Amino acid sequence: MLLSDRTILEEIRRKRIAIEPFKPECVQSSSVDLHLSNEFRVFKSVHTAFIDAREKGDYTERVEITGGEPFIMHPREFVLGCTVERIELPDDLFALLEGKSSLGRIGVIIHATAGQVHPGWKGRLTLELSNVGKLPVALYPGMEIAQIAFGQLSTPADKPYGHKELKSRYQGADGPDESRPARKG
């Protein structure tokens, strides 16, 4: 069951859902609008035949946009961004992250795979940004980039995100996080 605007606000007041910074005007009927930070990770031009998903590589570099300038996403470009807001969830709620339809209609996709935010999550959300359109798109820090909807689990999770038995590699994220390969063994 997805939470309504009324329930989202109640859960925020009860401090069960944390969104920092929080702007009440960003609450929609069943979601909350999130904003694009000024931090990105872009892929470097490296001379390698492939990326080994099991190995930690040095494939991206951090870029910070300042002075009200846009980040220009070129066609077929993939970059990592993140939300301004830090999110915290209790062990009985999850969230779904979706792009704003206004951006999707010009070819900007905000996640390739990471659309679910697990119970117990704490941190800023990394966005897997793609421009699938034919023209470059200017993205501005602070603009609405995504919406997050919240759902109720049937029971609290026995092992919420961050549990010592889980491979919670991104707990506490505070910027666009590049891939952290699974532990070997």
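Reply: A patch is built from residues that have over 30% relative accessible area and no salt bridge, with like charges joined within 9 Å and nonpolar side chains (Val, Leu, Ile, Met, Phe, Trp, Tyr) within 5 Å. The model is predicted, so local features need pLDDT of at least 70 and side-chain atom pairs count only at pLDDT 80 or more, while totals for chains, interfaces and linings use all residues. Residues are numbered from 1 along each chain as its sequence is written, and side-chain values use heavy atoms, with hydrogens and water left out.

Phe43, Ile51 and Phe78 together make a nonpolar surface patch of about 270 Å², where accessible areas come from the Shrake-Rupley method with a 1.4 Å probe and, for residues, only the protein chains shown count as cover. Of these, Phe78 belongs to strand 6, residues 78-88 (strands are DSSP runs of E with at least two residues, helices runs of H or I with at least four, numbered from the N terminus). Phe78 counts as partly exposed because its relative accessibility is 32%, the classes being buried under 20% relative accessible area, exposed over 50% and partly exposed in between, with a 1.4 Å probe and protein chains only.

Turning to the charged pairs, the structure holds ten salt bridges, each a side-chain nitrogen of Lys or Arg within 4 Å of a carboxyl oxygen of Asp or Glu. In one of them, Lys100 meets Asp33 with an N to O distance of 2.8 Å; this pair links distant parts of the chain, since Lys100 sits in the loop between strand 7 (93-99) and helix 2 (101-104) and Asp33 in strand 2 (residues 32-35), 67 residues apart. Lys100 counts as buried because its relative accessibility is 16%, and Asp33 is likewise buried, because its relative accessible area is 3%.

Arg14 pairs with Glu11, the closest N and O atoms being 3.7 Å apart. Arg14 counts as exposed because its relative accessibility is 57%, whereas Glu11, with a relative accessible area of 7%, is buried.

Glu39 and Arg124 form a further salt bridge, in which the closest N and O atoms are 2.8 Å apart. This pair, too, links distant parts of the chain, with Glu39 in strand 3 (residues 39-43) and Arg124 in strand 10 (residues 122-131), 85 residues apart, and both Glu39 and Arg124 are buried. Elsewhere, salt bridges that share partners join Glu11, Arg14, Arg16 and Asp92 into one network.
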